[in-house]
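Take a moment to turn the model around on the screen.

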Amino acid sequence: MDIKTICIHGSDWKDPTGCISVPIFQSATFGHPELGSSTGYDYTRVQNPTRECTEKVVAALEHGCDCTSYSSGMAAISMVMELFKPGDTILSSDDLYGGSIRLFRFINEKNGLKFKYVNTSHPEEVEKAFDETVKAVYIETPTNPMMQVTDIQKIAELAHAHGCLLIADNTFMSPYFCNPIDFGADIVLHSGTKYLAGHNDTLAGFVVCKDKEIAEKVRFLYKTVGGCLAPWDAWLVTRGIKTLALRMEAAQKNAGAIAEFLENHPKVTKVLYPGLKNFENKDVHFKQSRGAGAMLSFYTDSHETALKVLKSVKLIRFAESLGGVESLITYPATQTHCDLTEEERQSRGITECLLRLSVGIEGAEDLIADLKQALD
Ligand SMILES: Cc1ncc(COP(=O)(O)O)c(C=O)c1O
């Protein structure tokens, strides 16, 4: 089925009333017909018809066998970390969303997990880092905010050769542009807050599993820990997904035009965007993705210019988050990556001149005019 059709019909919703949009089943619990029988729904922490539709469509979009949904992207990542036990090591990309690093460092490490950070764009570095305690490799591609690209297939082969899982956070590309499971990932994560929901109006997180065995373990954690997505938020995500294809195409088109504009602006020293000619690892990116996406990062010529842009943008809002219809600009050094040490930020290239832009679906000319007046 075409991905655009899956976005609309992937939840497979059918109802005797004929209603087209899945209703919001705002019920905590469900009555049993008699002892030992069930309508298929018992208690909303375990499953709810509205949420089930959202999970079905995300599983279908990501080519997984099952999907569980959570109250945020961070809740989804936390749940996946519960698959591991004290003493296990996770090999992780050294450039990741700062909140994921904060989770690993301040919560998962306290509970006995170990993390080794490597540049997963270099498979030889990953290869060298395995030892018998390593149980999984964790990647984002492209990474947030440095847009580093990892070869999913190569890293999946390495992970599997060492008996490890490959976990991929696919938030930046969305399932519209990339399906990591097709390249060997075992678990795909999403901050559904971003492109899937798409309207900067709700939080959500998803865990998609390739195989039944892991999916069953995740379902057990999901019903036990209870960070599930509420029916109303699930409904918002299902509605958002209906326009995923249109939004991704429109945002990507805008991002391409903006990247070119920024690349030619005298106060911009470097633009990181997979759609640009000289983007590092471009071949790898397009081997595994159907598009360049709509996220880009850029360096200004000075700290003052970066601050001026943040203060002067009018249409583009200076706000955290990404992937919505509204364009948002962020300052990773003090926002998404504030919990890294100064030394770590510098070594990763997260400097005082770096800005990250999530391009929305407004008119490209208006966005460019806004950036121009903010930079000039
Ligand atoms: C790549 C990535 N993964 C996960 C998250 C966390 O998602 P949430 O904010 O929905 O908890 C974010 C948030 O910005 C992100 O950018």
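R105 and E344 form a salt bridge, with their closest N and O atoms 2.7 Å apart. A salt bridge here is a side-chain nitrogen of Lys or Arg within 4 Å of a carboxyl oxygen of Asp or Glu. Side chains of opposite charge can pair when their charged atoms come close. This pair links distant parts of the chain. R105 sits in helix α4 (residues 98–108), and E344 sits in helix α13 (residues 342–348). The two are 239 residues apart. Helices are DSSP runs of H or I with at least four residues, strands are runs of E with at least two, and both are numbered from the N terminus.

How well covered are the two partners? E344 is buried, with a relative accessible area of 19%. R105 counts as partly exposed, at 21% relative accessibility. Buried means under 20% relative accessible area, exposed means over 50%, and partly exposed lies in between (1.4 Å probe, protein chains only).

A word on the source. This is a predicted model, in which local features need pLDDT of at least 70, side-chain atom pairs count only at pLDDT 80 or more, and totals for chains, interfaces and linings use all residues. Residues are numbered from 1 along each chain as its sequence is written, and side-chain values use heavy atoms, with hydrogens and water left out.

Stay in helix α13 and find R348. Which side chain of opposite charge is nearest to R348? It is E344, 4.3 Å away. R348 is buried yet has no salt bridge. Lys and Arg count as positive, Asp and Glu as negative, while His and the chain ends are not counted. Beyond its neighbours within four places in sequence, R348 is in contact with D94, D95, I101, Y117, M146 and L340. Contact means heavy atoms within 4.5 Å.

Now move to another salt bridge. D66 pairs with R219, and their closest N and O atoms are 2.8 Å apart. Again the pair links distant parts of the chain: D66 lies in strand β1 (residues 66–70), R219 in helix α8 (residues 212–225), and 153 residues separate them. D66 is buried, at 19% relative accessible area. R219 is partly exposed, at 24%.

T68 also lies in strand β1. Which residues does T68 touch, leaving aside its neighbours within four places in sequence? They are E55, G205, F206, V207, V218, R219 and Y222. T68 and K223 are 155 residues apart in sequence, but their C-alpha atoms are 9.8 Å apart in space.

K85 and D88 meet side chain to side chain, at 3.3 Å from N to O. D88 is buried, at 7% relative accessibility. A search of the whole structure finds 12 salt bridges.

Next, look at the backbone. A cis peptide bond joins T141 and P142, with omega about -10°. P142 is in the loop between β4 (134–140) and α6 (152–161). Another cis peptide bond joins N144 and P145, with omega about 15°. P145 is found in the loop between β4 and α6 too.

Two serines have positive phi. S174 has a phi near 65°. S174 is found in helix α7 (residues 174–177) and is buried, at 1% relative accessible area. S321 has a phi of about 90°. S321 is in the loop between β10 (317–318) and β11 (328–330). S321 also counts as buried, at 17%.

Finally, step back to the whole protein. How many helices and strands does it have? There are 14 helices and 12 strands. The radius of gyration is 21 Å, close to the 21 Å that the globule rule gives for 376 residues, so the protein is as compact as a globular protein of that length. The radius is taken over C-alpha atoms, and the rule is 2.2 Å times the number of residues to the power 0.38. Along its principal axes, the C-alpha trace spans about 70 × 50 × 35 Å. Buried residues make up 57% of the 376 residues. Among contacts between residues at least 6 apart in sequence, 73% join residues at least 24 apart.
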